[in-house]
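Let's walk through this one together, starting with where the chains meet and then turning to a single chain.

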2 protein chains.
Amino acid sequence: MESKEEAAAESGKAEVGPEMCTLKLIFIDLCLRILLFSASLTAMVVMVTSNQTKLVQTALYSFPVPVPAKFNYSPAYIYFVAALSFSTLYSIISGIASSWVIVKPCSSKQLLKFYVILVAHDVLMLGMVAAATGTAGGVAYIGLKGNSHVNWNKICNVYGKFCRHVGASVAVSLFASFLLLLLVFLSVYSVYRLAHKVVT
Amino acid sequence: MESKEEAAAESGKAEVGPEMCTLKLIFIDLCLRILLFSASLTAMVVMVTSNQTKLVQTALYSFPVPVPAKFNYSPAYIYFVAALSFSTLYSIISGIASSWVIVKPCSSKQLLKFYVILVAHDVLMLGMVAAATGTAGGVAYIGLKGNSHVNWNKICNVYGKFCRHVGASVAVSLFASFLLLLLVFLSVYSVYRLAHKVVT
């Protein structure tokens, strides 16, 4: 297979079908996309199910009243859930596109275009998921530690389950960001391999 | 120049020097890196110079006392400044690398490697700057609007200058993220051009 490729490269032929190594790369890409789907969905579900209600003593009443903590009380968490939903949807669409390349092998030219489009979208998603992770992480940190300078009290001493959910969700979302980073590296490497094979 | 390239591609030659269009792309890349340097430096300086002291009536004293607002009171803003400093440094190093390619033209193979390394680093920086923008933006939004559910009061009605600085800094940092996105697109397109030229 390799010698066939070399021969094609030497003769300057354009239509070089995806060989074993390219298929392996697409397979790894597909696996990473499945992982991305799981991570995005998990982060989203864990955040959405973080709601917790506790009996809290307030200044208004002489008895403890039930006060809920919900993710949609913070715009940062709403953006987080929206970004992760989008990432879940994207992982499905791009996963289908990846498997389509395995099922229906195409020429080097088509593969090149496919990878370039994939990288462009992956990078956009990376920016969005990284920003969402940062936003939710920043707000979660205030919830965990508070900020005495501006009298923002920590809430994690009261809402334990809520904070565990938010923390886990941010951690899984960070993992999703790393997966997107890996996907970009993989696609760029695939473009490099396709190009390098013919340039050298 | 174009016909020379075509002839080289047709004969399957590897060593194709960077022609006019490639140089144009490298020049755009360099301009974007200079812009990235300016944006990162601006965002960092505006955040660092946001300190403001106001006379605030507190519960402890019967008279107003000077209470400062500093960016380093929030870990989110410290991370923001660190990330933007890193981005400033990176834009200098990668800018030098880009201009080195203009000054000392190299083969297509070397250019290909250069772009792949550039994309990998640009993507890493994008993830970092986007996360920093999100983190600082999330905390700044609480400062601007507060959160009545957890009794986090807004501070922007008191610290006007501080909030304007933080807001402007986050906006410029968002612009820096877009610049990094553009740089990744440009580098991927350059790799595609180099590869496509020889594949087709």
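How many residues of chain B are in contact with chain A, and how many of chain A with chain B? Taking contact as heavy atoms within 4.5 Å, 42 residues of chain B touch 43 residues of chain A.

A quick word on ground rules: this is a predicted model, where local features need pLDDT of at least 70 and side-chain atom pairs count only at pLDDT 80 or more, while totals for chains, interfaces and linings use all residues. Residues are numbered from 1 along each chain as its sequence is written, chains are lettered from A in the order in which they are written, and side-chain values use heavy atoms, with hydrogens and water left out.

Back to the interface. About 3900 Å² is buried between chain B and chain A (accessible area, 1.4 Å probe, that two parts lose on being put together, summed over both), and carbon and sulfur atoms give 81% of that. On chain B's side, the elements that give two or more residues are α4 (108-145) and α5 (160-199); helices here are DSSP runs of H or I with at least four residues, strands are E runs of at least two, and both are numbered from the N terminus. The largest share, 20 residues, comes from α4(B).

Now for chain A itself. Chain A has 5 helices and 2 strands, running α-α-β-β-α-α-α from the N terminus on. Of its 200 residues, 50% are buried, that is, under 20% relative accessible area with a 1.4 Å probe, protein chains only. Among chain A contacts between residues at least 6 apart in sequence, 77% join residues at least 24 apart.
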